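The sequence and structure are shown first, and the notes follow by topic.

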Amino acid sequence: MTQALIDQLSDTRLLKSQAYIGGDWVDANSGATFDVVDPATQMVIANVADLGAEQTSQAIEIADKAMREWRAQPAKLRCEVLERWHQLIIENTEDLAIIMSAEQGKTLIESRGEIGYSASFIKWFAEEGKRIYGDVIPHAQNDRRAITIKQAIGVVAAITPWNFPSAMITRKVGPALAVGCSVVLKPAAETPLSALALAELAQRAGLPAGLLNIVPGTDAVAIGGELTSNPKVKKLTFTGSTPVGKLLMGQCASTVKRTSMELGGNAPVIIFDDADLDLVMPGIINAKFRNSGQTCISANRIFVQKGIRQAFIERLSAAASTFNFGSYTKTESTHGPLITQTAVNNVDAKVKKAVSEGAKVVCGADPKDSQGYFYPATILTDLNDSMNIFNEEIFGPVAAIFDFDTEQQAIDMSNDTPFGLAAYIYTESMRRSWRVSEALEYGMVGINETAISAEIVPFGGVKESGQGREGSKYGLDDYLEIKYICFGSIDK
Ligand code: ADP
């Protein structure tokens with residue numbers, strides 16, 4: 001660990017570089033480690049244990065044993081442990097935010113926000129975990145009675161991304177632990193420190209050994225291969241790109257594991273002529289530039305009706321000119337870097353391709369050679385649905401603006417994609433809000449609002465954006481099996 005990072009923390013024991021398996025902090029059997037890099041400075045901030053398939057298999061074995069005792073406990077007891085974990089996350093918000101910003105790059109304001117959001121899933125599922133009700137089913141035969149109960153599915157494998165290094169973990173681990181499952185989790189190699197810090201707090205909260213195992217590593221194929229083929233794993237929950245999600249679903253088929261998939265998006269924002277620009281601007285700035293555009297529900301295609309187009313572009317470019325991209329350690333930074341140089345290159349290539357196809361650059365599109373993986377706020381106009389950028393998830397601070405004339409045109413363009421995660425509409429018409437929301441082939445629709453995620457609502461997509469829902473009362477279902485029990489001959 002670098003001294004500079006250590007010096008920023010009140011509790012340095014939250015900085016972990018070993019894996020967490022069976023309640024112990026362990027090195028890789030091979031002794032290998034990998035570098036964790038601050039994307040704003042390109043400095044190595046930690047060397048973390050680099051595990052492979054063998055230790056993943058050991059973690060699964062341990063998780064299977066631990067789960068058998070845990071799922072037999074009353075829900076109240078399990079949920080009390082989660083309540084304590086939630087409390088510890090909240091109490092350590094500042095340190096957790098610093099660790100996250102150092103490895104992921106987002107500003108401290110964003111990291112603090114994510115820690116609060118992350119903790120909220122633990123709290124929510126500590127409450128919901130006590131409400132796993134079955135049914136009594138009126139039977140067709142008079143001498144029979146039928147009931148259903150819901151039981152923990154078993155060992156859960158979780159693979160998480162780097163864009164929300166804490167919240168993408170708790171919204172999987174929270175429901176899994178609450179209902180009686182155990183978890184083996186592979187965090188993204190770019191951001192393992194947030195995952196390990198959460199494990200340290202789970203340990204302090206009294207979570208029994210073996211229920212949460214963190215397997216960091218750079219060989220995603222080896223770790224993922226074990227997680228998806230080991231018969232003791234009963235479910236895989238994944239957040240990441242659509243191509244990897246499809247691959248993992250295929251791998252899970254051989255042992256018929258349940259899967260939950262939170263995959264890529266291509267979110268449309270439809271701004272109608274009657275929209276209130278005072279609502280649109282903060283909404284778009286949040287949806288497009290939060291996390292420097294690296295979220296799966298980022299505004300990817302901004303459809304603007306022709307009457308409001310000019311005013312919208314002027315206000316957006318004025319707002320973008322005030323952004324200050326920099327390290328979380330500088331108070332003037334309003335936005336962070338992208339995660340890697342590859343990410344910068346990918347965004348730049350998409351922008352260059354759009355320009356070669358006729359896009360007009362209002363601002364940005366000129367990444368500077370700098371220390372850190374920065375890409376400037378960019379606005380592109382004069383786009384159309386035949387361009388590559390219409391079909392690609394940008395994952396960077398690039399606002400892609402398309403024009404439209406009619407409501408039907410906006411709906412058709414929005415749905416003309418294999419993805420279906422989040423969509424947003426800005427209009428003052430209630431009737432149009434209903435109509436368009438129902439017509440959009442998306443798992444989530446925000447009306448005059450883009451900050452739509454919360455622990456109390458179901459997050460998830462349709463089409464190639466995934467399956468399953470995280471958060472809300474539905475978020476437990478993915479970790480439960482329904483068992484039907486028939487009582488026969490009760491009249492004897
Ligand atoms: P991104 O492009 O946002 O990094 P990925 O889908 O590549 O999205 O990564 C999301 C998570 O999936 C990360 O933890 C990554 O290490 C993991 N991952 C990537 N490829 C594989 C794979 N073949 N098998 C298992 N996990 C993988």
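A polar contact is here a pair of N or O atoms within 3.5 Å. In this predicted model, a nitrogen atom of the ligand lies 3.4 Å from a polar backbone atom of A220, and the pair therefore falls within the 3.5 Å cut-off. The protein covers 76% of the 550 Å² of accessible area that the ligand has on its own.

- The side chain of K186 places an N or O atom 2.8 Å from an oxygen atom of the ligand.
- S241 has a polar side-chain atom at 2.7 Å from an oxygen atom of the ligand.

**Shell around the ligand**
- The ligand is surrounded by 16 residues, the closest being T160, W162, K186, F238 and S241.
- By class, this shell comprises 10 nonpolar residues, five polar and one charged.

**Largest pocket**
- The ligand sits in the largest pocket.
- Two or more residues of the shell around the ligand come from each of helix 8 (220–229), strand 10 (233–239) and helix 9 (242–252).
- The largest pocket holds about 1000 Å³ of space.
- Its lining consists of 43 residues, and P161, W162, G240, S241 and V244 lie nearest the centre of the pocket.
- Helix 8, strand 10, helix 9 and helix 12 (341–356) each give two or more residues to this lining.
- Helix 9 provides the largest share of the lining, with six residues.
- The lining divides into 22 nonpolar, 15 polar and six charged residues.

Notes
Residues are numbered from 1 along each chain as its sequence is written. This is a predicted model: local features need pLDDT of at least 70, side-chain atom pairs count only at pLDDT 80 or more; totals for chains, interfaces and linings use all residues. Side-chain values use heavy atoms; hydrogens and water are left out. A residue is near a molecule or strand if one of its heavy atoms lies within 4 Å of it. A polar contact is a pair of N or O atoms within 3.5 Å; within protein, one must be able to donate a hydrogen and the other to accept it, and residues adjacent in sequence count only if both atoms are side-chain atoms. Accessible areas come from the Shrake-Rupley method with a 1.4 Å probe; for residues, only the protein chains shown count as cover. On a 1 Å grid over the protein atoms alone, a cavity is a set of points where a 1.4 Å probe fits but cannot get out, and a pocket is an open set with protein on both sides within 12 Å along at least five of seven lines; lining residues have an atom within 4 Å of a point. A molecule sits in a cavity or pocket if more than half of its atoms lie within 2 Å of its grid points. Helices (H or I, at least four residues) and strands (E, at least two) are DSSP runs, numbered from the N terminus. Ala, Val, Leu, Ile, Met, Phe, Trp, Tyr, Cys and Pro count as nonpolar, Asp, Glu, Lys and Arg as charged, and the others, Gly among them, as polar. Grid points are joined across faces, edges and corners, and a volume is the space filled by probe spheres set on the points.
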